[in-house]
Amino acid sequence: MKLKLKHVSIGLVVLMLLLSIGYHWFVPKKLQTAPEVNFSIVDGRSLSLEQLRGRPVLVAFWATTCESCIKEMPHLIELYHDLSPRGLEIIGVAMAYDPPNQVMEMRQRKQIPYPVALDMQGKVASAFGDVRLTPTTFLIDSQGQVVIQKTGMLNMTRIRHELQSMLPASPGE
């Protein structure tokens, strides 16, 4: 009985160690300030976070093979339509492993209105703390501070509430 309990204890310690290593490997480092990066937008433009200073930006890392990303897209599109007139910018960043033709097809099929960037060398993902999992999203305030960093699907109510407090009131409010 003691030997069995010892094996279970060792197994739990190993499991905890592996979970900790996995967490640190897959979850990006917590950022306080957004990195200075340039996005290569699929329409040929280059866009930097510096250009967007003064307004909130949602940077959403995604992949065409990520079911959660695809499920979240309509919510991001709705958010963009509702709040971009008040100053919100959303940038979708396709992961380096995602073939550009699939990204372009998904962008067109889902009618994504916000800029979509290709991160072919993974430089943007690296600058954002080495993003490996999708969806991973960063909400950056107008001063360039990371307010929310989330791996997994967003709580859209929370994001909308945060953004409402960052944006000027819309006419009629």
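Modeller: Gladly! Two strands pair if DSSP finds at least two bridges between them. Strands here are DSSP runs of E, at least two residues, numbered from the N terminus. This is a predicted model, where local features need pLDDT of at least 70, side-chain atom pairs count only at pLDDT 80 or more, and totals for chains, interfaces and linings use all residues. Residues are numbered from 1 along each chain as its sequence is written, and side-chain values use heavy atoms, leaving out hydrogens and water.

Colleague: Which residue in β5 is the bridge partner of Ile-41?

Modeller: Strand β1 (residues 38-41) and strand β5 (residues 116-118) run antiparallel, joined by two bridges. Within β5, the partner of Ile-41 is Ala-117.

Colleague: Which strands stand at the edges of the sheet?

Modeller: The sheet is open and mixed, with seven strands in the order β2-β1-β5-β4-β3-β6-β7. Each edge strand has a single partner, so one side of it is left without a neighbour in the sheet; these strands are β2 (46-48) and β7 (146-151).

Colleague: Is Thr-136 buried or exposed?

Modeller: Thr-136 belongs to strand β6 (residues 136-140). Buried means under 20% relative accessible area, exposed over 50%, and partly exposed in between, using a 1.4 Å probe and protein chains only. Because its relative accessibility is 0%, Thr-136 counts as buried.

Colleague: How far from a polar atom of the Thr-136 side chain is the backbone oxygen of Leu-133?

Modeller: Let's look at the atoms themselves. The backbone oxygen of Leu-133 and that polar side-chain atom of Thr-136 lie apart by 2.6 Å.

Conventions. Helix = DSSP H or I, 4+ residues; strand = E, 2+ residues; numbered from the N terminus. Polar contact = N/O pair within 3.5 Å; in protein donor to acceptor, adjacent residues only side chain to side chain.
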